[in-house]
Amino acid sequence: MGLGRAGAELHLPVLAKARAGTRRLFDGEPVVACDPRRVLGDRPGLVTVTSLAEAAALVDPADTVAHVCTPPTVRTEVIGELAERGFRHLVVEKPLAADTDDLARIIRLRRKHGLRVAVVEPWLTSALTVRLTELVRGGVLGEPKSITIVQNKPRFRRSLARPSHPTAFDVELPHGVGLALRLAGNARVTHAAGFDLVVGDVVVPRMGGARVGLRHNSGVRTEISSDLTSPVRERRITVKFERGTAVGHYAVSADDDHSQLSVTLNGHREREVLHDDSLTEWMIRAYQLFRGVGDQHARGFAFATDVVQLLSVAKNICAEPVVPATRSESAVIAHAR
């Protein structure tokens, strides 16, 4: 459902790769792609339709995984219609919901219809995340003290044409918040900031970038920032430990499937290059769990709700009327006390 960038450029090619590599998980039927505003045209292994009614007529809903790749603001409506038509296995793009109201509706739909929901979280299956988790738990570098996550990329065309996300908090930060929670545990928001996208006389509110600070129950502090007007692409994490530092670079696009890790201990630096096709790996695991008994995705769903709740707090902070000290790209800055 949804043939924007997430559906057409990520889910369809990754699903094709997963089906080719693990045929036992899938039948040989074509993938049915649905979007009322965009039709890709049929091709081998793919049928496109313009309504969910058409899609439901081509498959057995009870035995089909539905990928919800629509913008966050209409996701609840789509999930509700899928549930009413008998679909029970859902792969949902991040973030799970745009705000806590939509999140509550999705939670009710999941309970009412017995939905099994897998929220896309490729960074959590990343080889780099596995290595970072080993460092955090291994103790060689001592206890982690702070985490800094930078998620920058130029996103002018998509934001200016037709924003599919309500704020910059919904674009890259769900990955960063989820990663921080995985490495350092539960947290609360300490501060947040956001700014508009400004190009000449055109202003797209709250889509220029965002940042959020977290204080984890473990004592670790995290700073996450995302600049969607940056001239360069970067997905970098820095974890400072008592006796060293780890710097990781996630793949910046679907064009590459490698990440990098540098670890410094006692002045000595070691670098690793990791094969890291994390989205394909995540997709295969999601389908494997769908074939299991019971709701194997419940833990991941609960984790995704935590991410939405923290981001909602951050967005609410930025919604407060604050007068910036400087222009700073029409910044809106606030702090939680």
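The second largest pocket of this structure has a volume of about 960 Å³. The model is a predicted one. The points below cover that pocket, the salt bridges, the cysteines and one histidine.

**The second largest pocket**

- The lining consists of 36 residues, and Val59, Asp63, Thr64, Val65 and Tyr287 are the ones that lie nearest the centre of the pocket.
- H1 supplies the largest share, five residues.
- Sorted by class, the lining holds 24 nonpolar, six polar and six charged residues.

**Salt bridges**

- Side chains of opposite charge can pair when their charged atoms come close.
- The structure has 13 salt bridges in total.
- One of them joins Asp295 and Arg110, with an N to O distance of 2.6 Å.
- This pair links distant parts of the chain, 185 residues apart: Asp295 sits in the loop between H8 and helix H9 (298-319), while Arg110 is in helix H4.
- Asp295 is partly exposed, at 29% relative accessible area, whereas Arg110 is buried, at 17%.

- Arg131 forms a salt bridge with Glu134, and their closest N and O atoms are 3.0 Å apart.
- Both residues belong to helix H5 (residues 127-138), where three residues, about one turn of the helix, separate Arg131 from Glu134.
- Arg131 also meets Glu272 in a salt bridge, at 2.7 Å from N to O.
- Because Arg131 lies in helix H5 and Glu272 in strand E13 (residues 268-275), this second pair ties together parts that are 141 residues apart in sequence.
- Through shared partners, the salt bridges join Arg131, Glu134 and Glu272 into one network.

**Cysteines**

- A disulfide is a covalent bond between the sulfur atoms of two cysteines.
- The structure holds zero disulfides.
- For Cys34, the closest cysteine sulfur is that of Cys69, and the 11 Å between the two sulfurs is too far for a bond.
- Cys34 is buried, with 3% relative accessibility.
- Cys318 is buried as well, with a relative accessible area of 6%.

**His113**

- His113 is part of helix H4 (residues 100-113).
- With a relative accessible area of 14%, His113 counts as buried, because that value is under 20%.
- Leaving aside residues up to four places away in sequence, His113 touches Ala83, Glu84 and Arg88.

Terms used
Residues numbered from 1 in each chain as written. Predicted model: local features only at pLDDT ≥ 70, side-chain atom pairs only at ≥ 80, totals over all residues. Heavy atoms only, no water. 1 Å grid on protein atoms, 1.4 Å probe; cavity = no way out; pocket = protein on both sides within 12 Å on 5 of 7 lines; lining within 4 Å. Points joined across faces, edges and corners; volume = space filled by probe spheres on them. Helix = DSSP H or I, 4+ residues; strand = E, 2+ residues; numbered from the N terminus. Nonpolar A, V, L, I, M, F, W, Y, C, P; charged D, E, K, R; others polar. Buried < 20%, exposed > 50% of the residue type's maximum accessible area, 1.4 Å probe, protein only. Contact = heavy atoms within 4.5 Å. Disulfide = S-S within 2.5 Å. Salt bridge = Lys/Arg side-chain N within 4 Å of Asp/Glu carboxyl O.
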